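This report describes a structural model in terms of its domains, its chain contacts and its sheets. The sequence and the model are shown first.

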Protein chains: 2
Amino acid sequence: MPAQVGDALADVDTPALIVDLDAFERNLAALAEAVRGKRVRLRPHAKSHKCPEIAKRQIAHGAIGICCQKVGEAEAFVAAGITDVLVTNEIVGRRKLERLADLARSASVGVLVDNPGNVADLAAAARRAGSTLEVLVEIDVGAHRCGVAPGAPALELARAVSSQAASGLRFGGLHAYQGAAQHLRRPAERRAAILRAVECARDTRDLIESSGISCATVTGAGTGTFLLECNSGAYTELQPGSYIFMDADYGRNELDSGAPVFSQSLYVWTTVMSAPAADRAIVDAGLKAFSVDSGLPLVADRPELECTKASDEHGVLQVPIGAEKLRVGDKLRLVPGHCDPTVNLYDWLVGVRDGRVECVWPVSARGALL
Amino acid sequence: MPAQVGDALADVDTPALIVDLDAFERNLAALAEAVRGKRVRLRPHAKSHKCPEIAKRQIAHGAIGICCQKVGEAEAFVAAGITDVLVTNEIVGRRKLERLADLARSASVGVLVDNPGNVADLAAAARRAGSTLEVLVEIDVGAHRCGVAPGAPALELARAVSSQAASGLRFGGLHAYQGAAQHLRRPAERRAAILRAVECARDTRDLIESSGISCATVTGAGTGTFLLECNSGAYTELQPGSYIFMDADYGRNELDSGAPVFSQSLYVWTTVMSAPAADRAIVDAGLKAFSVDSGLPLVADRPELECTKASDEHGVLQVPIGAEKLRVGDKLRLVPGHCDPTVNLYDWLVGVRDGRVECVWPVSARGALL
C-alpha cells in the first residue's frame, strides 16, 4: 500500500496513482449539472475506475447504476453493494454465462447481444439460474467493433430476445456506443459522427417499436461526446467513464462550446530515481505504471519537461536547456495518456486533498479479466 | 482463476495467459546449454515473469539467483524461498531503502547506485537494519537511461561504496546493461553496440581494480545479446529474462548464427466474442490483456489474421478475403508484442502441455510497483 490516510502527499510512496479529490468532485458535479433537467439517465462506465467507492459517489450524484465490461467487474461491484449493472459487452462461454446469470439473482444485470446463438446461450443460463437478464441489442453505429448493423438485423435479434421472455430474458433496448467518435479532435467531426449514430439508433428503435416490441432504452455515449447524445432526443441513457479522471488523450480534444470542462484528477505520482545528465532524468514509473497506447504521459508539475521514452520500470524525462534540473528524490505528477488501462495497473487509488491523503480506495476490479 | 489443473486447454476461460510448457522448458535448457563451460554465471531477470515457480526452475537450470527491478518484487521472491536477488535498479526513498535493508537480513541482496547521495542513504539504511547490501555501480554503456559515465565517475562511486564497508555496504562490481541493443534488428548492429558496452565495462573494471578495489562482478545482457556479453571475457554474469517466454518484438530480431533459438511459449488465450462481418472478428482481449508498447499481438494459430486494433477490452481481427471465417466462441492464441508488461496484467500463468493444464502458477509479484 503506497500510503496511509493522513500522510502528506510528499510521503506517498511511488509509483502510486493519486486522485486530486477536489478535481474529481468537480467532475462528478459537472456531469450531474450538464444533464440536469434532461430526459436521460446516467449510467457511468466503471471500467475506467474499477472502484466501488467511486461508483457509490457516481450514484450519489444521480447515476442509476453503472456499466462495466467484464462479468468479473460486475461481480466486484455487486459484492460491494451496487445493485444495477449493465455489462456493455457480449458475454461468451459457459462459465461466464453461468456467473452472469447467477449474479442476476442478487442485482439488476444487463448484457449485450449481437448474435442469435448468444441469445440462446443467455436464455439457457438464465433458465438454469432462475434469474432474469436484461438484454440489449448492440448496433454498430460507426465504431466497427462489435454490434449488428442497424435496422433489420437489430430487429431480428430483438425478436429473438423477446421470444425468450419465458426463459428469463427481457429485451431492454439498444446499445449504440460510438467509441470511435470520442477522440476525434474537432467538435465538428464529433458532431458529424454522433449525428450518424443518432440516426442509426433512432431509426432502429422506431423499426423495433413499430413491430410491437417496446424499446425503452437507447444507451451509449462517452466523455468526448455525451452532450451530443444527451441532446439528441434518441438516447435515454449515457455512459461516460473517463470524465471523473481525464487523461492526456482526452486533453487533446478541442472542446465544444457549451460542453462542461472536466479537470485532470488522476496522476501517476513518481520519483526521480536517477539524474545522470543535465538534460535527462529517470523516474520510477514506466510501462508497468502507465499505459502508453495513447501516448506517453505528460509532466503535470513541470510542463516544460517531456517524457520521451518508457521502458518497463523507467520513464525518461528530457530536461530542456535552461530548465531547472531535476534531482534524485524529487517527486512529480504525470498525466497518463489513457486513464482506463493505467488504473488497471494499480491495486489502490490514493485520494489527496490539500496535500494530504484523505482516502485510499481499493481498485477492487483490477485485473478482472474474466 | 481461469483454469484448474487437468482442464482441457479448450476449457480454459479467457482471456488467460498460457505457457506452452514444452517450449518453456526448451528455452530453460537452451540458455543453460548456450553458456555451458563459459566463465559466466546466470542470473535471469525475474521482472519478465514475476513468478517464483519460474525462478525456481531457472535456478534448477543453473542460475545462481535472480534479478528484479523493484523492492516489492525482491520481497515476493525471497518470501517464496529465493535466497539471492539483485535489484538491478537504483532504489530511492526512505521506506523502500528500509525494506531493502531489512530484506538483506534474510537473503543475499544486491542493488545499484549511480549517485553519491544514494550511496549514503543505502549505508544509513543498512546500518539501521544491521544488514549488508551488495552494491554495484551502474554505468551507462549506451542505453542512456540510468548510470554514471564509464571511467572516472564510476571509480569515484566505487570508492564511495567501498568507504561505507563499515556501514554494511559491500562493493560488488559493475552493472553494464545495454538495454537499447536488445531489439536492434540486425546481428551486426547488436554486435557493434555490445562491443562498445564491453569496452566501457572492461576499461572501467580495469580502472577500478588498478586503484586497489576488487571489481568481482560485471553484470548485464538481455535475451537479444547475451551470447555477445557471454563471449566478451568482460562480463561475469548474464541477466536475460524474456528468453523463457519470447514475444512478437523479439521475434522480429534477425538471429545471429550460432545463437540459440528460443521458442514462443507465452500466449494470450482469447475467445471470439463477436463476428459481426465476414472480414472482422472481435476477441475478448484488449489493452488490459496485452501490452501494446511494442506493437499489437500476432495471431499464432491463424497467422493470416491480423490484429488491427485494440481497445480496453477488445481486440479487432481482420479476416482476409478467402480466409476461413471466425465464429463466436472460437478460441485463439495471441503472441503479445512485449512479454514483460503483458505478464504484469495477470494474476495467473496457466501451464499447458499436450492440450491439458498441468499447472496454474501465481504471478506473485504482479503489480509490485513499490
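## Domains of chain A

In this predicted model, the domain assignment divides chain A into domain 1, covering 1–20 + 248–370, and domain 2, covering 35–246. Between the C-alpha centres of domain 1 of chain A and domain 2 of chain A there is a distance of 31 Å. Their contact draws 26 residues from domain 1 of chain A and 27 residues from domain 2 of chain A.

On the side of domain 1 of chain A that touches domain 2 of chain A, helix H9 (248–251) and helix H10 (339–343) of chain A each contribute at least two residues. By class, the residues of this side of domain 1 of chain A comprise 13 nonpolar, seven polar and six charged.

## Contact between the chains

Chain B and chain A meet through 48 residues of chain B and 48 residues of chain A. On the side of chain B that touches chain A, two or more residues come from each of the following elements of chain B: strand S4 (84–90), helix H4 (94–103), helix H5 (116–129), strand S10 (266–277), strand S14 (314–318) and helix H10 (339–343). The most is given by S10(B), with four residues. The side of chain B that touches chain A consists of 17 nonpolar, 16 polar and 15 charged residues.

Chain B is superposed on chain A by a rotation of 180° with 0.0 Å of shift along the axis, at an RMSD of 0.0 Å. The two copies are therefore related as by a two-fold rotation axis. Both copies use the same surface, since 100% of the contact residues of chain B recur in chain A.

## The sheet of chain A

In chain A, eight strands build an open sheet with parallel pairing, in the order S2-S9-S8-S7-S6-S5-S4-S3. Strand S2 (41–42) and strand S3 (66–68) of chain A are at the edges; each has a single partner strand, so one side of each has no neighbour in the sheet.

S3(A) runs parallel to strand S4 (residues 84–90) of chain A and is joined to that strand by three bridges. Within this pairing, A:Cys68 has A:Val87 in S4(A) as its bridge partner. Helix H5 (residues 116–129) of chain A packs on the sheet, where it touches S4, strand S5 (108–113), strand S6 (133–138) and strand S7 (169–175) of chain A. The direction of H5(A) makes about 160° with that of S5(A).

## The sheet and helices of chain B

Chain B likewise has an open sheet of eight strands, ordered S2-S9-S8-S7-S6-S5-S4-S3 and paired in parallel. Strand S2 (41–42) and strand S3 (66–68) of chain B are the edge strands, each pairing on one side only. Strand S7 (residues 169–175) and strand S8 (residues 217–220) of chain B run parallel and are joined by three bridges. Opposite B:His175 stands B:Thr219 in S8(B).

H5(B) lies across S4, S5, S6 and S7 of chain B, and runs at about 160° to S5(B). H4(B), one of the elements on the side of chain B that touches chain A, has B:Lys96, B:Leu97, B:Arg99, B:Leu100, B:Ala101 and B:Leu103 as buried residues. The buried residues of H4(B) pack against helix H3 (71–79), S4, strand S5 (108–113), H5 and strand S6 (133–138) of chain B.

Definitions and conventions:
Residues numbered from 1 in each chain as written. Chains lettered and ligands numbered in written order. Predicted model: local features only at pLDDT ≥ 70, side-chain atom pairs only at ≥ 80, totals over all residues. Domains from an automatic or database assignment. Contact = placed C-beta atoms within 7 Å. Nonpolar A, V, L, I, M, F, W, Y, C, P; charged D, E, K, R; others polar. Least-squares fit on C-alpha atoms with pLDDT ≥ 70 in both. Buried ≥ 20, exposed ≤ 12 C-beta atoms within 10 Å, placed from the backbone. Pairing = 2+ DSSP bridges. Axes fitted to C-alpha atoms, helices over the stretch in contact; angles between N-to-C directions.
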